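Visitor: I have a structure to go through and some questions about its chains. Please take them one at a time.

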Amino acid sequence: MAKIPYLGTALTNLFRKPVTIDFPAGEAPKAQPNYRGRIAFDGTKCINCGMCERVCAPSCMTRVAKPLEGGEPGDQEITFTFDMTSCTFCGMCADFCAKKAITLTDDYMMTGTQPEDFLVVGKVIKKAPPKPKFTPEQLAAMKAAAEAKKKAAEAAKAAAEGK
Amino acid sequence: MIGFIQSVLNILLLPGLAFTLIASILLAGIDRVLVARMQRRVGPPVLQPLYDVLKCLGKETIVPRKANEKVFLLAPAVGLISVLVTAMFLPIGNVSAIRTNADMIVILYLLTLASVTLIVGSAASGSPFAGVGLSREMVAMISYELPLVMVMLTVGFVCGNGLATFSLAKIGAYQAANGPLLLNPVLWPAAIALLFVIPCEVGQQPFDIDEAETEICEGVLAEYSGKPLAQFKMMHNVKMYVMSGLFCALFLNIQTGFFLADILIYCVSCVLVTFVSMSVPHAVTARFRVEQVFKFYWTVVTGCAALSLILVWIGL
Amino acid sequence: MLFDLDKKINEAIDDAASKSLWLYHINAGSCNGCDIEIVAALTPRYDAERLGCKLTGSPRQADIVLVSGPVTLQSRDRLIRTLAQVPEPYCLVTVGSCPCSGNVFKGSYAVCGPVDKYRHVDVSVAGCTPKPEAIMAGIAQAAAILKEKRKGMHE
């Protein structure tokens, strides 16, 4: 009669502990090191260069800019939205991020009933450049005044030498 | 009057309906847990077959447009009733719900009827997958019927004193006098043959060629949903109990004189038979192909059964 | 008393609806990554059978339909036809990023959009591919929804 493979294994397994993890009841196991999971976005580090948007293959992120409420005129609030249902978790955005504002965490538990459950939203506040102290007209006037002063000084000097 | 009440209670409660339903669900659950443990899994709860059946009861019943509605819906009910009636003939110790002079022939016919309802039901569902499953179920029937009859004949010859008996009560009485038939080495090939017949008759994993879910979309059950499916699933569970109970009645009928002890021994031996004949092959082997099943049953299993029959016939 | 029994049986059936989950898997043009992870969820390490899961071969017996893949032009009609054959109550669970959004395949001439364009999606499991734990968490979430659906059916 043919030998039955795995018969011994099956029978000894009866008296061994199951290898099953205690997951849906207990805690979810940690992912392996360097696992690329849900994206984390740090808005304070971002400089809004837009590199992440360029390298994203499934174009999973959107950038919306709107004027900042209660800020100086010219300030912008830029909203980064990462759609986890679109993401392939390739990590390109994190690699290309100059300021390391995008990181891929080890959180792989992404289940939900609505599209909103999968969005990672981050806000970047882009300040308008600081206002110059003097307007161009004032600057021109000051320049002209300085020139006139210089000329006057030179004339005075020439007069003194000529004496 | 007391006799009448007792026989009604026998039919409804102890060796009969209630015991059969509870035992079959527990047996099927234990089988699933054992298979899981042999694969180093935790496995489902023991009551999982009950949940499956209840869930199927709560689902919508869809009758396909091409199906013959009456046959499609009635076949599972007939199948379930036939296996439940089969269970009535199984003795626990020396008590059985119904006893006749030819129990085994009735059991044989009712078990065949259960398989035939699967065939009829799938034929009525009008699905090509069910058609393939139907033909496979027929092949399975051709494979296991002959060894099953031969095993029954062998046991009948041993217990009948020269004349074959088909009464399970007489077989039980013989075993009460001479010890269980499993201790008789001449009958070991027949016992092995019956152990192999059980999974094919039930349609359990390595021999479930008729419901191969990965190949032919559940085969005979392809179009069934809701209540008819619940009946077929329940039929599967009860069949499992009936077949292991049949093995106990034929080979392992141990009578102590105390009814409670008899019940306990019967339950334990049913679980053992289920473990050996169904759980272990399920955990160890993958599904056989149709012609492999056919070849295996007509060579090895029929050979074993025939060996015992010949040995008994020449009077060893 | 008879009325009470009826109520109790209904409660038992509701309970069973969340404990017995038969999975039917539709591949709507997937790359096979998610399909492998679904099978991995049934292996001894994860053992989805603890939740009562079993892979069935027929959509007629499914409680949870797992869809993977971005729904290609070829598979769209088959997907809709198969989903129409699943008896109520059932849950539609999408596995992976593709059926939710199209992932890297979005915009292709051969891909006709996310699954929720055609049917209501109950639970989505994101990830490319999701880990088996995430699929099991999605199935557990779907089990609770199934119970609510079943309650809604007889009330």
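Visitor: What distance separates the centres of domain 1 of chain A and domain 2 of chain A?

Guide: This is a predicted model. The domain assignment of chain A places domain 1 at 29–130 and domain 2 at 132–163. Taken over C-alpha atoms, the centres of these two domains are separated by 54 Å.

Visitor: Which element gives the largest share of the side of chain C that touches chain A?

Guide: The contact takes 24 residues from chain A and 26 residues from chain C. On the side of chain C, the elements that give two or more residues are helix H4 (98–101), strand E5 (123–125) and helix H5 (132–154). The largest share is seven residues, and the element that supplies it is H5(C).

Visitor: How many nonpolar residues does that side of chain C have?

Guide: Sorted by class, the side of chain C that touches chain A has six charged and seven polar residues. The nonpolar residues there number 13.

Visitor: Which strands stand at the edges of the open sheet of six strands?

Guide: The order of the sheet is E5(A)-E5(C)-E4(C)-E3(C)-E1(C)-E2(C), and its pairing is mixed. Each edge strand has a single partner strand, so one side of each is left without a neighbour in the sheet. The strands at the edges are E2 (53–55) of chain C and E5 of chain A.

Visitor: Which residue stands opposite C:Val67 in E4(C)?

Guide: Strand E3 of chain C, residues 64–68, runs parallel to strand E4 of chain C, residues 91–95. Four bridges join these two strands. Opposite C:Val67 stands C:Thr94.

Visitor: What is the radius of gyration of chain B, and how does it stand against the globule rule?

Guide: Chain B has 12 helices and zero strands. For its 316 residues the globule rule gives 20 Å, and the value for chain B is close to that, so the chain is as compact as a globular protein of that length. The radius of gyration of chain B is 19 Å.

Visitor: What percentage of the residues of chain B count as buried?

Guide: The C-alpha trace of chain B spans about 55 × 50 × 40 Å along its principal axes. Of the contacts in chain B with a separation of 6 or more, 80% are between residues 24 or more positions apart. The buried part of the 316 residues is 57%.

Notes. Residues are numbered from 1 along each chain as its sequence is written. Chains are lettered from A and ligands numbered from 1 in the order in which they are written. This is a predicted model: local features need pLDDT of at least 70, side-chain atom pairs count only at pLDDT 80 or more; totals for chains, interfaces and linings use all residues. Domain bounds come from an automatic or database domain assignment. Two residues are in contact if their C-beta atoms, placed from the backbone, lie within 7 Å. Ala, Val, Leu, Ile, Met, Phe, Trp, Tyr, Cys and Pro count as nonpolar, Asp, Glu, Lys and Arg as charged, and the others, Gly among them, as polar. The radius of gyration is taken over C-alpha atoms; the globule rule is 2.2 Å times the number of residues to the power 0.38. A residue is buried if 20 or more other C-beta atoms lie within 10 Å of its own, exposed if 12 or fewer, and partly exposed in between; C-beta atoms are placed from the backbone. Two strands pair if DSSP finds at least two bridges between them.
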